[in-house]
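This report describes one protein structure, shown below. Please keep the sequence and the model in view while reading.

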Amino acid sequence: MIKLETIISLAKRRGFVFQSSEIYGGLNGCWDYGPLGVELLNNLKSQWWKEMTFRDNIEGIDASILMHPRTWDASGHTKQFSDPMIDNKTSKSRHRADNLIEEHIDKLSKKNKKEEAELIAQKLENVQTNEDYYNIIMEHEIKDPISGTMDWTEVRNFNLMFKTFVGPLEDANSVVYLRPESAQGIFVNFKNVMETARLKPPFGIAQIGKAFRNEINTKNFLFRTREFEQMEMQFFIKPGSEKDWFEYWKEQRWNFWKNLGMKESKMKWKIHDKLAHYANYAVDIEFEFPFGFGEIEGIHSRTDFDLKAHQEFSGKKMEYVDTVNGDRYIPYVIETSGGVSRGVMAFLCNAYEEEEIKGDDGKSEVRSVMRFHSKLAPVTVAVFPLVNKDGMPEKAHQIYKDLQKNYKVQYDTSGAIGRRYRRQDEIGTPYCITVDGQSLEDNTVTIRERDSMNQDRINADNIQNYLREKIS
Ligand code: GAP
(Lines give C-alpha, C1' and ligand atoms only; values in the text may rest on other atoms or scores of the structure.)
Protein backbone atom coordinates (compact mmCIF):
# COMPACT_ATOMS: atom_id res chain seq x y z
CA MET A 1 0.00 0.00 0.00
CA ILE A 2 1.41 3.39 -0.98
CA LYS A 3 1.86 6.07 1.66
CA LEU A 4 -0.21 9.23 1.61
CA GLU A 5 3.03 11.23 2.04
CA THR A 6 4.33 9.82 -1.28
CA ILE A 7 1.24 11.11 -3.09
CA ILE A 8 1.32 14.50 -1.35
CA SER A 9 4.99 14.98 -2.12
CA LEU A 10 4.64 13.97 -5.79
CA ALA A 11 1.55 16.18 -6.07
CA LYS A 12 3.56 19.16 -4.87
CA ARG A 13 6.81 18.39 -6.71
CA ARG A 14 5.12 17.96 -10.08
CA GLY A 15 2.55 20.75 -9.73
CA PHE A 16 -0.68 18.89 -9.07
CA VAL A 17 -1.62 20.36 -5.69
CA PHE A 18 -0.13 23.07 -3.47
CA GLN A 19 -1.02 24.18 0.01
CA SER A 20 -3.28 27.22 -0.16
CA SER A 21 -1.42 30.52 0.44
CA GLU A 22 1.70 28.49 1.19
CA ILE A 23 4.02 31.51 1.41
CA TYR A 24 2.08 32.61 4.52
CA GLY A 25 2.27 29.20 6.11
CA GLY A 26 -0.82 27.78 4.43
CA LEU A 27 -4.49 27.80 5.38
CA ASN A 28 -5.76 24.66 7.01
CA GLY A 29 -8.26 22.65 4.98
CA CYS A 30 -7.68 24.56 1.73
CA TRP A 31 -5.60 23.48 -1.28
CA ASP A 32 -4.68 24.98 -4.65
CA TYR A 33 -4.53 23.00 -7.88
CA GLY A 34 -1.39 23.60 -9.95
CA PRO A 35 -0.93 23.28 -13.73
CA LEU A 36 -1.31 19.48 -13.80
CA GLY A 37 -3.86 19.30 -10.98
CA VAL A 38 -6.26 21.67 -12.69
CA GLU A 39 -6.11 19.59 -15.89
CA LEU A 40 -6.92 16.43 -13.94
CA LEU A 41 -9.70 18.22 -12.06
CA ASN A 42 -11.19 19.63 -15.27
CA ASN A 43 -10.93 16.28 -17.06
CA LEU A 44 -12.82 14.56 -14.25
CA LYS A 45 -15.50 17.26 -14.25
CA SER A 46 -15.79 17.13 -18.02
CA GLN A 47 -16.23 13.33 -18.00
CA TRP A 48 -18.93 13.65 -15.35
CA TRP A 49 -20.67 16.47 -17.19
CA LYS A 50 -20.79 14.45 -20.41
CA GLU A 51 -21.88 11.34 -18.56
CA MET A 52 -24.80 13.20 -17.01
CA THR A 53 -25.95 15.79 -19.52
CA PHE A 54 -25.38 13.94 -22.81
CA ARG A 55 -28.70 12.17 -22.19
CA ASP A 56 -32.29 12.86 -23.19
CA ASN A 57 -33.55 13.76 -19.77
CA ILE A 58 -30.80 15.52 -17.77
CA GLU A 59 -30.04 19.22 -17.99
CA GLY A 60 -27.33 21.21 -16.23
CA ILE A 61 -27.33 24.42 -14.21
CA ASP A 62 -24.81 26.61 -12.43
CA ALA A 63 -26.44 28.17 -9.37
CA SER A 64 -24.87 30.85 -7.19
CA ILE A 65 -22.93 29.96 -4.06
CA LEU A 66 -24.73 32.55 -1.95
CA MET A 67 -28.40 31.74 -1.61
CA HIS A 68 -31.37 33.19 0.24
CA PRO A 69 -30.84 32.23 3.92
CA ARG A 70 -34.33 30.68 4.11
CA THR A 71 -32.98 27.95 1.82
CA TRP A 72 -30.96 26.59 4.72
CA ASP A 73 -33.91 26.75 7.12
CA ALA A 74 -35.91 24.66 4.68
CA SER A 75 -33.13 22.15 4.05
CA GLY A 76 -32.53 21.72 7.78
CA HIS A 77 -28.91 22.95 7.64
CA THR A 78 -29.45 25.92 9.97
CA LYS A 79 -30.60 23.63 12.75
CA GLN A 80 -29.00 20.29 12.03
CA PHE A 81 -25.79 20.72 10.08
CA SER A 82 -23.50 20.62 13.05
CA ASP A 83 -20.87 18.58 14.84
CA PRO A 84 -20.84 17.91 18.62
CA MET A 85 -17.90 19.86 20.07
CA ILE A 86 -16.25 19.88 23.46
CA ASP A 87 -13.72 22.46 24.74
CA ASN A 88 -10.89 21.94 27.17
CA LYS A 89 -10.72 24.96 29.48
CA THR A 90 -7.03 24.50 30.34
CA SER A 91 -5.58 24.16 26.83
CA LYS A 92 -8.42 26.14 25.20
CA SER A 93 -8.52 23.46 22.51
CA ARG A 94 -11.71 22.30 20.81
CA HIS A 95 -12.44 18.73 19.73
CA ARG A 96 -15.19 16.84 18.01
CA ALA A 97 -16.61 14.76 20.83
CA ASP A 98 -17.09 11.64 18.70
CA ASN A 99 -13.52 11.88 17.32
CA LEU A 100 -12.09 12.29 20.81
CA ILE A 101 -13.88 9.12 21.90
CA GLU A 102 -12.85 7.21 18.77
CA GLU A 103 -9.20 8.15 19.30
CA HIS A 104 -9.47 6.90 22.89
CA ILE A 105 -10.93 3.59 21.63
CA ASP A 106 -7.98 3.27 19.22
CA LYS A 107 -5.50 3.87 22.03
CA LEU A 108 -7.17 1.23 24.20
CA SER A 109 -7.13 -1.30 21.35
CA LYS A 110 -3.43 -0.68 20.77
CA LYS A 111 -2.81 -1.25 24.49
CA ASN A 112 -4.72 -4.54 24.19
CA LYS A 113 -7.55 -3.30 26.43
CA LYS A 114 -10.05 -4.82 24.03
CA GLU A 115 -12.93 -5.22 26.47
CA GLU A 116 -13.03 -1.58 27.51
CA ALA A 117 -12.56 -0.48 23.90
CA GLU A 118 -15.53 -2.57 22.83
CA LEU A 119 -17.69 -1.30 25.66
CA ILE A 120 -17.02 2.34 24.73
CA ALA A 121 -17.53 1.61 21.02
CA GLN A 122 -20.92 0.13 21.92
CA LYS A 123 -21.85 3.22 23.91
CA LEU A 124 -20.73 5.47 21.07
CA GLU A 125 -22.92 3.55 18.68
CA ASN A 126 -25.96 4.25 20.87
CA VAL A 127 -25.36 7.95 21.48
CA GLN A 128 -28.55 10.00 21.15
CA THR A 129 -27.70 13.33 22.77
CA ASN A 130 -24.73 15.57 23.48
CA GLU A 131 -25.05 14.57 27.13
CA ASP A 132 -24.39 10.96 26.13
CA TYR A 133 -21.05 12.03 24.58
CA TYR A 134 -20.20 13.99 27.71
CA ASN A 135 -21.01 11.05 29.95
CA ILE A 136 -18.76 8.70 27.97
CA ILE A 137 -15.88 11.19 28.17
CA MET A 138 -16.28 11.65 31.94
CA GLU A 139 -17.01 8.00 32.84
CA HIS A 140 -14.02 6.70 30.90
CA GLU A 141 -11.76 9.55 31.97
CA ILE A 142 -10.87 10.63 28.47
CA LYS A 143 -8.24 13.35 28.80
CA ASP A 144 -7.44 16.29 26.56
CA PRO A 145 -4.48 15.17 24.38
CA ILE A 146 -2.91 18.64 24.75
CA SER A 147 -3.23 19.54 28.46
CA GLY A 148 -3.73 15.99 29.75
CA THR A 149 -6.59 17.29 31.94
CA MET A 150 -10.29 16.54 32.17
CA ASP A 151 -11.17 20.20 32.45
CA TRP A 152 -14.03 19.85 29.93
CA THR A 153 -16.98 22.06 29.08
CA GLU A 154 -20.29 20.44 28.20
CA VAL A 155 -20.74 19.18 24.60
CA ARG A 156 -22.28 21.76 22.27
CA ASN A 157 -23.29 21.78 18.63
CA PHE A 158 -21.12 23.74 16.25
CA ASN A 159 -22.69 24.61 12.89
CA LEU A 160 -20.45 23.82 9.92
CA MET A 161 -21.78 26.52 7.60
CA PHE A 162 -19.55 29.54 6.88
CA LYS A 163 -21.43 32.72 7.65
CA THR A 164 -20.95 36.06 5.95
CA PHE A 165 -22.93 39.26 5.24
CA VAL A 166 -24.43 40.75 2.10
CA GLY A 167 -24.35 44.53 1.74
CA PRO A 168 -22.66 47.09 3.95
CA LEU A 169 -24.33 46.23 7.26
CA GLU A 170 -23.12 43.36 9.40
CA ASP A 171 -26.37 42.65 11.19
CA ALA A 172 -28.69 39.68 11.61
CA ASN A 173 -30.76 40.68 8.57
CA SER A 174 -27.80 40.53 6.20
CA VAL A 175 -26.47 37.11 7.18
CA VAL A 176 -25.94 34.64 4.33
CA TYR A 177 -24.04 31.35 4.17
CA LEU A 178 -21.57 29.89 1.74
CA ARG A 179 -23.50 26.87 0.50
CA PRO A 180 -22.49 23.64 2.27
CA GLU A 181 -23.78 21.55 -0.67
CA SER A 182 -24.63 22.40 -4.24
CA ALA A 183 -27.84 20.32 -4.15
CA GLN A 184 -30.07 23.08 -2.79
CA GLY A 185 -29.26 25.24 -5.83
CA ILE A 186 -30.88 22.48 -7.86
CA PHE A 187 -33.96 22.10 -5.65
CA VAL A 188 -34.78 25.80 -5.64
CA ASN A 189 -34.51 25.82 -9.47
CA PHE A 190 -36.59 22.68 -9.96
CA LYS A 191 -39.59 24.51 -11.44
CA ASN A 192 -37.50 26.91 -13.54
CA VAL A 193 -35.64 24.06 -15.21
CA MET A 194 -38.64 21.77 -15.61
CA GLU A 195 -40.66 24.50 -17.31
CA THR A 196 -37.98 26.12 -19.47
CA ALA A 197 -36.46 22.84 -20.67
CA ARG A 198 -39.97 21.31 -21.03
CA LEU A 199 -39.12 18.25 -18.95
CA LYS A 200 -41.35 15.83 -17.15
CA PRO A 201 -40.43 13.18 -14.59
CA PRO A 202 -38.29 11.16 -14.76
CA PHE A 203 -35.69 13.88 -15.40
CA GLY A 204 -32.53 15.14 -13.78
CA ILE A 205 -30.71 18.39 -13.05
CA ALA A 206 -26.94 18.26 -12.83
CA GLN A 207 -24.52 20.75 -11.33
CA ILE A 208 -20.81 21.00 -10.57
CA GLY A 209 -19.78 23.62 -8.07
CA LYS A 210 -18.00 24.68 -4.93
CA ALA A 211 -19.26 23.91 -1.46
CA PHE A 212 -17.90 25.06 1.88
CA ARG A 213 -17.93 23.42 5.29
CA ASN A 214 -16.13 24.62 8.36
CA GLU A 215 -14.86 21.11 9.07
CA ILE A 216 -13.18 20.65 12.43
CA ASN A 217 -11.03 17.79 11.36
CA THR A 218 -9.35 18.49 8.03
CA LYS A 219 -6.68 15.82 7.91
CA ASN A 220 -5.90 13.50 4.96
CA PHE A 221 -4.97 15.93 2.20
CA LEU A 222 -7.87 16.56 -0.21
CA PHE A 223 -10.20 14.10 1.51
CA ARG A 224 -11.82 16.45 4.00
CA THR A 225 -11.32 20.10 3.18
CA ARG A 226 -13.17 23.29 4.05
CA GLU A 227 -13.60 24.37 0.44
CA PHE A 228 -14.30 21.67 -2.13
CA GLU A 229 -16.23 20.92 -5.27
CA GLN A 230 -19.17 18.62 -5.72
CA MET A 231 -20.73 17.07 -8.81
CA GLU A 232 -24.35 16.47 -7.95
CA MET A 233 -27.40 15.33 -9.86
CA GLN A 234 -30.96 15.27 -8.56
CA PHE A 235 -33.23 12.92 -10.47
CA PHE A 236 -36.94 13.76 -10.14
CA ILE A 237 -39.28 10.80 -10.37
CA LYS A 238 -42.82 9.67 -9.71
CA PRO A 239 -43.33 8.58 -6.07
CA GLY A 240 -43.30 4.80 -5.87
CA SER A 241 -40.64 4.34 -8.55
CA GLU A 242 -37.75 5.19 -6.24
CA LYS A 243 -36.50 1.66 -5.60
CA ASP A 244 -35.96 0.96 -9.32
CA TRP A 245 -34.33 4.32 -10.01
CA PHE A 246 -32.13 3.97 -6.95
CA GLU A 247 -30.82 0.63 -8.29
CA TYR A 248 -30.36 2.16 -11.73
CA TRP A 249 -28.28 5.06 -10.44
CA LYS A 250 -26.22 2.83 -8.17
CA GLU A 251 -25.10 0.86 -11.19
CA GLN A 252 -24.53 3.94 -13.33
CA ARG A 253 -22.36 5.61 -10.73
CA TRP A 254 -20.27 2.55 -9.94
CA ASN A 255 -19.57 2.13 -13.67
CA PHE A 256 -18.61 5.78 -14.06
CA TRP A 257 -15.68 5.44 -11.64
CA LYS A 258 -14.80 1.97 -12.93
CA ASN A 259 -14.79 3.04 -16.58
CA LEU A 260 -12.35 5.82 -15.77
CA GLY A 261 -9.89 3.23 -14.55
CA MET A 262 -10.69 2.99 -10.85
CA LYS A 263 -9.69 -0.48 -9.70
CA GLU A 264 -12.73 -2.41 -8.55
CA SER A 265 -10.57 -4.17 -5.97
CA LYS A 266 -10.23 -0.75 -4.31
CA MET A 267 -13.92 0.10 -4.42
CA LYS A 268 -16.72 -1.01 -2.18
CA TRP A 269 -20.28 -0.20 -1.23
CA LYS A 270 -21.21 1.17 2.15
CA ILE A 271 -24.85 0.62 2.94
CA HIS A 272 -26.33 3.09 5.40
CA ASP A 273 -28.11 1.34 8.24
CA LYS A 274 -28.89 4.59 10.03
CA LEU A 275 -30.73 6.66 7.45
CA ALA A 276 -31.07 10.43 7.51
CA HIS A 277 -34.63 11.43 8.43
CA TYR A 278 -35.48 12.28 4.80
CA ALA A 279 -33.94 9.24 3.10
CA ASN A 280 -35.45 5.84 2.43
CA TYR A 281 -32.38 4.26 0.80
CA ALA A 282 -28.77 5.40 0.89
CA VAL A 283 -25.41 3.95 -0.11
CA ASP A 284 -21.91 5.31 -0.60
CA ILE A 285 -19.25 4.27 -3.05
CA GLU A 286 -16.02 4.04 -1.09
CA PHE A 287 -12.43 3.98 -2.33
CA GLU A 288 -9.49 2.51 -0.48
CA PHE A 289 -7.23 5.48 0.26
CA PRO A 290 -3.84 4.94 1.96
CA PHE A 291 -5.56 5.67 5.31
CA GLY A 292 -8.42 3.22 4.67
CA PHE A 293 -11.78 3.20 2.87
CA GLY A 294 -13.55 6.55 2.51
CA GLU A 295 -16.62 7.83 0.69
CA ILE A 296 -16.23 9.35 -2.77
CA GLU A 297 -19.88 9.49 -3.76
CA GLY A 298 -23.27 9.02 -2.13
CA ILE A 299 -26.43 7.79 -3.83
CA HIS A 300 -29.49 8.75 -1.82
CA SER A 301 -33.18 8.27 -2.24
CA ARG A 302 -34.37 11.54 -0.65
CA THR A 303 -38.14 11.10 -1.06
CA ASP A 304 -40.00 14.44 -1.49
CA PHE A 305 -38.35 15.88 1.62
CA ASP A 306 -36.51 18.78 -0.05
CA LEU A 307 -39.16 19.90 -2.52
CA LYS A 308 -41.85 19.66 0.16
CA ALA A 309 -39.76 21.72 2.56
CA HIS A 310 -39.10 24.39 -0.07
CA GLN A 311 -42.80 24.46 -0.92
CA GLU A 312 -43.62 25.02 2.73
CA PHE A 313 -40.93 27.65 3.39
CA SER A 314 -41.33 29.60 0.13
CA GLY A 315 -45.09 29.25 -0.32
CA LYS A 316 -44.45 28.29 -3.98
CA LYS A 317 -45.89 25.07 -5.41
CA MET A 318 -43.25 22.47 -6.17
CA GLU A 319 -45.54 20.07 -7.99
CA TYR A 320 -45.46 18.44 -11.34
CA VAL A 321 -48.82 18.49 -13.10
CA ASP A 322 -49.39 16.10 -15.95
CA THR A 323 -51.54 18.00 -18.44
CA VAL A 324 -52.67 14.80 -20.18
CA ASN A 325 -53.97 12.70 -17.30
CA GLY A 326 -54.23 15.39 -14.61
CA ASP A 327 -51.71 13.64 -12.34
CA ARG A 328 -50.33 16.03 -9.74
CA TYR A 329 -47.51 15.22 -7.34
CA ILE A 330 -44.36 16.48 -5.67
CA PRO A 331 -41.64 14.34 -7.27
CA TYR A 332 -39.40 12.05 -5.28
CA VAL A 333 -35.66 12.49 -5.76
CA ILE A 334 -32.72 10.17 -6.27
CA GLU A 335 -29.53 12.11 -5.63
CA THR A 336 -26.04 11.23 -6.82
CA SER A 337 -23.50 13.34 -4.99
CA GLY A 338 -19.79 12.97 -5.68
CA GLY A 339 -16.78 14.97 -4.57
CA VAL A 340 -14.56 16.34 -7.33
CA SER A 341 -11.57 16.87 -5.05
CA ARG A 342 -12.07 13.49 -3.38
CA GLY A 343 -12.32 11.99 -6.84
CA VAL A 344 -9.04 13.62 -7.84
CA MET A 345 -7.39 12.32 -4.71
CA ALA A 346 -8.78 8.83 -5.33
CA PHE A 347 -7.49 8.86 -8.92
CA LEU A 348 -4.04 10.07 -7.77
CA CYS A 349 -3.86 7.16 -5.31
CA ASN A 350 -5.40 4.70 -7.78
CA ALA A 351 -2.97 5.61 -10.56
CA TYR A 352 0.31 5.66 -8.66
CA GLU A 353 2.60 2.65 -9.03
CA GLU A 354 6.28 1.96 -8.61
CA GLU A 355 7.92 -0.76 -10.65
CA GLU A 356 11.43 -1.99 -11.28
CA ILE A 357 12.64 -1.65 -14.86
CA LYS A 358 15.94 -1.68 -16.76
CA GLY A 359 17.29 1.83 -17.33
CA ASP A 360 19.19 3.16 -20.40
CA ASP A 361 22.47 1.95 -18.87
CA GLY A 362 21.10 -1.59 -18.40
CA LYS A 363 20.95 -1.23 -14.62
CA SER A 364 17.66 -1.72 -12.84
CA GLU A 365 15.85 1.37 -11.60
CA VAL A 366 12.50 2.24 -10.06
CA ARG A 367 9.94 3.78 -12.36
CA SER A 368 7.19 5.86 -10.73
CA VAL A 369 4.21 5.85 -12.99
CA MET A 370 0.77 7.38 -12.81
CA ARG A 371 -1.50 5.03 -14.72
CA PHE A 372 -4.25 7.57 -15.38
CA HIS A 373 -6.97 6.72 -17.86
CA SER A 374 -6.13 8.65 -21.03
CA LYS A 375 -9.34 10.67 -20.66
CA LEU A 376 -8.17 11.89 -17.25
CA ALA A 377 -4.42 12.29 -17.81
CA PRO A 378 -3.40 15.95 -17.40
CA VAL A 379 -1.11 15.71 -20.43
CA THR A 380 -2.20 13.37 -23.24
CA VAL A 381 0.95 13.31 -25.29
CA ALA A 382 4.56 14.51 -25.12
CA VAL A 383 6.82 15.17 -28.09
CA PHE A 384 10.64 14.92 -28.06
CA PRO A 385 13.39 15.39 -30.61
CA LEU A 386 15.88 12.58 -30.00
CA VAL A 387 18.75 15.10 -30.19
CA ASN A 388 18.71 18.86 -30.48
CA LYS A 389 20.23 19.08 -33.97
CA ASP A 390 20.01 17.91 -37.57
CA GLY A 391 16.48 19.26 -38.07
CA MET A 392 14.92 17.04 -35.39
CA PRO A 393 13.79 19.89 -33.07
CA GLU A 394 12.13 21.71 -35.98
CA LYS A 395 10.18 18.61 -37.05
CA ALA A 396 9.27 17.67 -33.46
CA HIS A 397 8.13 21.21 -32.72
CA GLN A 398 5.87 21.21 -35.78
CA ILE A 399 4.25 17.94 -34.61
CA TYR A 400 3.82 19.43 -31.14
CA LYS A 401 2.08 22.54 -32.52
CA ASP A 402 -0.24 20.40 -34.68
CA LEU A 403 -1.21 18.15 -31.76
CA GLN A 404 -1.87 21.18 -29.57
CA LYS A 405 -4.96 21.94 -31.62
CA ASN A 406 -6.65 18.91 -30.05
CA TYR A 407 -4.70 17.80 -27.01
CA LYS A 408 -2.80 18.99 -23.97
CA VAL A 409 0.77 18.38 -25.13
CA GLN A 410 4.22 18.87 -23.64
CA TYR A 411 7.40 19.47 -25.61
CA ASP A 412 10.61 18.36 -23.93
CA THR A 413 14.15 18.63 -25.27
CA SER A 414 16.23 18.22 -22.14
CA GLY A 415 18.13 15.19 -20.90
CA ALA A 416 18.50 11.63 -22.14
CA ILE A 417 15.40 10.13 -23.76
CA GLY A 418 14.98 7.67 -20.86
CA ARG A 419 14.82 10.55 -18.39
CA ARG A 420 12.24 12.30 -20.50
CA TYR A 421 10.09 9.15 -20.51
CA ARG A 422 10.42 8.92 -16.72
CA ARG A 423 9.29 12.53 -16.30
CA GLN A 424 6.19 11.85 -18.38
CA ASP A 425 5.52 8.51 -16.64
CA GLU A 426 5.51 10.25 -13.30
CA ILE A 427 2.75 12.64 -14.37
CA GLY A 428 0.84 9.92 -16.21
CA THR A 429 1.23 10.99 -19.86
CA PRO A 430 -0.14 8.03 -21.87
CA TYR A 431 1.84 8.64 -25.11
CA CYS A 432 5.32 9.96 -25.98
CA ILE A 433 6.36 10.69 -29.54
CA THR A 434 10.03 10.82 -30.53
CA VAL A 435 11.43 12.32 -33.69
CA ASP A 436 14.73 10.67 -34.61
CA GLY A 437 17.12 10.45 -37.58
CA GLN A 438 14.82 8.11 -39.49
CA SER A 439 11.94 10.57 -39.10
CA LEU A 440 13.75 13.01 -41.34
CA GLU A 441 14.23 10.38 -44.02
CA ASP A 442 10.82 8.67 -44.13
CA ASN A 443 8.49 10.92 -42.06
CA THR A 444 7.95 8.23 -39.38
CA VAL A 445 8.09 8.73 -35.61
CA THR A 446 8.09 6.36 -32.66
CA ILE A 447 5.11 6.46 -30.34
CA ARG A 448 5.58 4.89 -26.94
CA GLU A 449 2.75 3.73 -24.74
CA ARG A 450 3.13 4.49 -21.02
CA ASP A 451 1.88 1.26 -19.44
CA SER A 452 3.35 -1.39 -21.73
CA MET A 453 6.34 0.82 -22.70
CA ASN A 454 5.92 -0.65 -26.21
CA GLN A 455 6.91 1.51 -29.13
CA ASP A 456 5.25 1.63 -32.54
CA ARG A 457 6.76 3.33 -35.52
CA ILE A 458 4.08 5.15 -37.47
CA ASN A 459 3.86 7.74 -40.21
CA ALA A 460 3.80 11.26 -38.74
CA ASP A 461 0.69 12.03 -40.81
CA ASN A 462 -1.18 9.28 -38.92
CA ILE A 463 -0.47 10.51 -35.38
CA GLN A 464 -3.86 12.17 -34.89
CA ASN A 465 -5.73 9.08 -36.16
CA TYR A 466 -3.61 6.79 -34.01
CA LEU A 467 -4.32 8.83 -30.86
CA ARG A 468 -8.00 9.25 -31.64
CA GLU A 469 -8.38 5.51 -32.01
CA LYS A 470 -6.42 4.67 -28.85
CA ILE A 471 -8.16 7.25 -26.68
CA SER A 472 -11.70 6.50 -27.76
N1 GAP B 1 -26.02 16.75 -1.23
C2 GAP B 1 -25.57 15.65 -0.46
C3 GAP B 1 -24.27 15.83 0.13
O4 GAP B 1 -23.69 16.91 0.12
P5 GAP B 1 -22.37 14.56 1.40
O6 GAP B 1 -22.21 13.09 1.64
O7 GAP B 1 -22.31 15.46 2.57
O8 GAP B 1 -23.77 14.69 0.66
C9 GAP B 1 -21.28 14.42 -0.96
O10 GAP B 1 -21.32 15.00 0.33
C11 GAP B 1 -19.86 14.24 -1.43
O12 GAP B 1 -19.15 15.47 -1.30
C13 GAP B 1 -19.05 13.24 -0.61
O14 GAP B 1 -19.23 11.93 -1.11
C15 GAP B 1 -17.64 13.72 -0.82
O16 GAP B 1 -17.12 13.17 -2.02
C17 GAP B 1 -17.79 15.22 -0.98
N18 GAP B 1 -17.47 15.91 0.30
C19 GAP B 1 -18.27 16.11 1.36
N20 GAP B 1 -17.63 16.78 2.33
C21 GAP B 1 -16.38 17.03 1.86
C22 GAP B 1 -15.24 17.70 2.38
N23 GAP B 1 -15.27 18.30 3.56
N24 GAP B 1 -14.11 17.73 1.63
C25 GAP B 1 -14.08 17.16 0.40
N26 GAP B 1 -15.13 16.53 -0.15
C27 GAP B 1 -16.27 16.47 0.56
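The place of lysine 113 is in the loop that lies between helix H5 (97-110) and helix H6 (114-125). The model is a predicted one. With a relative accessible area of 43%, lysine 113 is partly exposed.

Lysine 113 also belongs to a positive surface patch, which is formed by Lys107, Lys111, Lys113 and Lys143. Membership of a patch requires over 30% relative accessible area, and the 43% of lysine 113 is the value to set against that cut-off.

## Cysteines and disulfides

How many disulfides does the count come to? The count comes to 0 disulfides. A disulfide is a covalent bond between the sulfur atoms of two cysteines. In this model, a pair of cysteine sulfur atoms must lie within 2.5 Å to be counted as a disulfide.

For cysteine 30, the closest cysteine sulfur is that of cysteine 349, at 20 Å, which is too far for a bond. For cysteine 349, in turn, the closest cysteine sulfur is in cysteine 30, again 20 Å away and too far for a bond. Cysteine 30 counts as buried, at 12% relative accessibility. Cysteine 349 is buried as well, with a relative accessible area of 5%.

## The protein as a whole

The protein contains 16 helices and 23 strands. Its C-alpha atoms fill a box of roughly 80 × 70 × 50 Å, taken along the principal axes. Of the 472 residues in the protein, 49% are buried.

Technical notes. Residues are numbered from 1 along each chain as its sequence is written. This is a predicted model: local features need pLDDT of at least 70, side-chain atom pairs count only at pLDDT 80 or more; totals for chains, interfaces and linings use all residues. Side-chain values use heavy atoms; hydrogens and water are left out. Patches are made of residues with over 30% relative accessible area and no salt bridge: like charges are joined within 9 Å, nonpolar side chains (Val, Leu, Ile, Met, Phe, Trp, Tyr) within 5 Å. Accessible areas come from the Shrake-Rupley method with a 1.4 Å probe; for residues, only the protein chains shown count as cover. A salt bridge is a side-chain nitrogen of Lys or Arg within 4 Å of a carboxyl oxygen of Asp or Glu. Lys and Arg count as positive and Asp and Glu as negative; His and the chain ends are not counted. The place of a charge is taken as NZ of Lys, CZ of Arg, CG of Asp or CD of Glu. Helices (H or I, at least four residues) and strands (E, at least two) are DSSP runs, numbered from the N terminus. Buried means under 20% relative accessible area, exposed over 50%, partly exposed in between (1.4 Å probe, protein chains only).
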